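Biologist: I have not looked at this one before. Can you put it on screen and walk me through it?

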Amino acid sequence: MTRRFTITTPIFYVNGAPHIGHAYTSIACDVIARFHRLDGNDVLFVSGTDEHGQKVEQSAKAQNVPPQEFADRISQSFRQMQTDMAVQTDEFIRTTETRHKKAAQTLWKKVAESGHIYLDAYEGWYSTRDEMFVGEDEITTHPDGSRTAPSGAPLEWVREPSYFFRLSEFQDRLLRLYEENPDFIGPHGPKREIISFVKQGLRDLSISRTSFRWGVEVPGDPDHVMYVWFDALANYLTAVGYPDLEDPRHVHWPADVHVVGKEIIRFHCIYWPAFLMAAGLPLPKRVFAHGWWTVEGEKMSKSLGNVLDPKKLADEFGLDQLRFFLMREVPFGGDSNFSRRSLITRMNVELANDLGNLAQRTLSQVARNLEGVLPERGTLTEDDGKILAQAALLPTLTRNHVEQLAISDALEDIWKLIREANAYIDRQAPWILKKENPARMADVLRVLVDVIRTVATLLQPYMPDTMEKMLDQLGVEKDERHIAALETPLPGGRVLPKPQGLFPRFVEEEKQA
Ligand code: ME8
């Protein structure tokens, strides 16, 4: 039976242009989604834009544009960013769409019907930058009397009628959820943080605002708009056609994993499961928080002028090179730093030297010495058997890593095989066999083609365009490129196209003095 797999990114605020952080999350989810598709699973990959709330309203006002027009423009730039990054989503949810408002309002009604919403008044601090209510105990007061949120964002005092969600009633159920489902939150750091936060006791949560209008109207009370996080989290249900249970996408709920940045884990691991429990809906299986990127050692910020545009980077270094670097540089879940030097080093060492040379050395010898014809598999020596066995194991190893969302560990295992193949080619020296034992040379080249085919197949999710070209050069037909196809060796006798280098070395131009 086909396995279903549902993965989501956070939906991004439309208050500014997309940057490398948004591209990172999108690419990571794309790699995981593509891997599952390649493995024959029925995937639903969801992303989108979070368009309501005070922050977006203020950004639109600052540019003198009506909020809808502003949201239309920036949402489009997020879509374009994903297209530019070769991110293939199945659903892109905009929270200003009618289908989403319907889903969010239905969720609200279900939560209200279960008795978990009441009307009161909120009085306290609010951080518009984080779109978050901040408790007194979380605030830093500075010598000049100003106050900031844990994120460093400024705070404003809010006092307004508000609907509340009875979050305080969910403390025990949430703790039980984390205990009974040890994988519900990953990785360990954020998990510990959430558990200790919930153990300290939960306050009821204000879930509507009355001091501005840019939001989804609260059902039955048009003076209120929903708190933007109630609205935003509901996008994951919009994506599966909620509340229409007949919608074909309905089978894709619950999601297998919500991938998020670590700063928004509280919303996904506390509020979201509590809303769903209140509405009587199944809970996602997992929330995974990845780390934060800095740029050349500094936090990215508009004021520092170091915000990285993913499109510019892809234009300069190549899209697949950028995707590879982002997935390779950091264990998924950890923080990382973007530096041009590390990107260039990885391109030159791992892509150009390790992988590029392996393919080029092998295929140019097939072209030159075998007239470009793929030989049949020959009699295997012990050395051949060893490397082919390592290759045969690789699909399982990488699948297990991707299952754990360890997408950089999967690359590490793939690179182990690549390095091993380079050692094999040096040991076997087919360029010497050419004169001494041409039949053995053909066997060795065939072993190498098989190993490279495995590597290229498994690297497709990371570097789709370049691996398509590599598989073309290896004579692998389009319908032979999924993981299960690796079990069937390619027939000998295929004529391979003329090989072309796929990973040129990157030489940084000398900076003008
Ligand atoms: O929080 N490093 O949207 P947002 C790594 N709308 N990832 C980064 C990053 C960085 N420096 N900067 C941003 C929101 N991200 C809400 C989400 S979900 C129901 C609502 C990525 O536009 C990371 O995934 O602020 C982070 O969680 C997300 O962008 C925040 O995007």
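This is a predicted model: local features need pLDDT of at least 70, side-chain atom pairs count only at pLDDT 80 or more; totals for chains, interfaces and linings use all residues.

Biologist: Which residues of H3 are buried?
Modeller: Pro-67, Phe-70, Ala-71, Ile-74, Ser-75, Phe-78, Met-81 and Gln-82 are. Seen down the axis of H3, these fall within an arc of 120°, so they line one face of the helix. The arc is that of the directions from the helix axis to the C-beta atoms. Buried is 20 or more other C-beta atoms within 10 Å of a residue's own, exposed is 12 or fewer, and partly exposed is in between, with C-beta atoms placed from the backbone.

Biologist: And which are exposed on the other side of H3?
Modeller: Gln-68, Glu-69, Gln-80 and Thr-83.

Biologist: What covers the buried residues of H3?
Modeller: The cover includes strands E2 (12-13), E3 (42-50) and E4 (91-94), along with helices H1 (20-38), H2 (54-62) and H10 (310-317).

Biologist: Switching topic. Which residues have the most contacts inside the largest nonpolar core?
Modeller: Ala-28, Ile-32 and Phe-275, in a core of 138 residues. Helix H16 (residues 438-459) gives the largest share of this core, 13 residues. A nonpolar core is a set of buried Ala, Val, Leu, Ile, Met, Phe, Trp, Tyr and Cys residues joined through C-beta atoms within 7 Å.

Biologist: What is Ala-28 in contact with?
Modeller: Leaving aside neighbours within four places in sequence, Ala-28 is in contact with Val-259, His-290, Met-327, Phe-332 and Ile-407. Contact means that the C-beta atoms, placed from the backbone, lie within 7 Å.

Biologist: Which residues come nearest the ligand?
Modeller: Of the 19 residues around the ligand, Pro-10, Gly-21, Thr-25, Asp-50 and Gly-261 do. A residue is near if its C-beta atom, placed from the backbone, lies within 6 Å. H1 gives the largest share of that shell, four residues.

Biologist: Where are the cis peptide bonds you have listed?
Modeller: One joins Gly-186 and Pro-187, with omega about -10°. Pro-187 sits in the loop between strand E10 (185-186) and helix H6 (188-199). A cis bond also joins Tyr-242 and Pro-243, with omega about 5°. Most residues other than glycine have a negative phi, and most peptide bonds are trans.

Biologist: What about phi of Glu-131?
Modeller: Phi of Glu-131 is near 45°, a positive value. Glu-131 lies in the loop between strand E5 (117-127) and strand E6 (132-134), and is buried, with 21 other C-beta atoms within 10 Å.

Biologist: And Ala-429, buried or exposed?
Modeller: Exposed, with 12 other C-beta atoms within 10 Å of Ala-429. Phi of Ala-429 is also near 45°, and Ala-429 is in the loop between helix H14 (407-428) and helix H15 (430-436).

Note on methods:
Residues are numbered from 1 along each chain as its sequence is written. Helices (H or I, at least four residues) and strands (E, at least two) are DSSP runs, numbered from the N terminus. Two residues are in contact if their C-beta atoms, placed from the backbone, lie within 7 Å.
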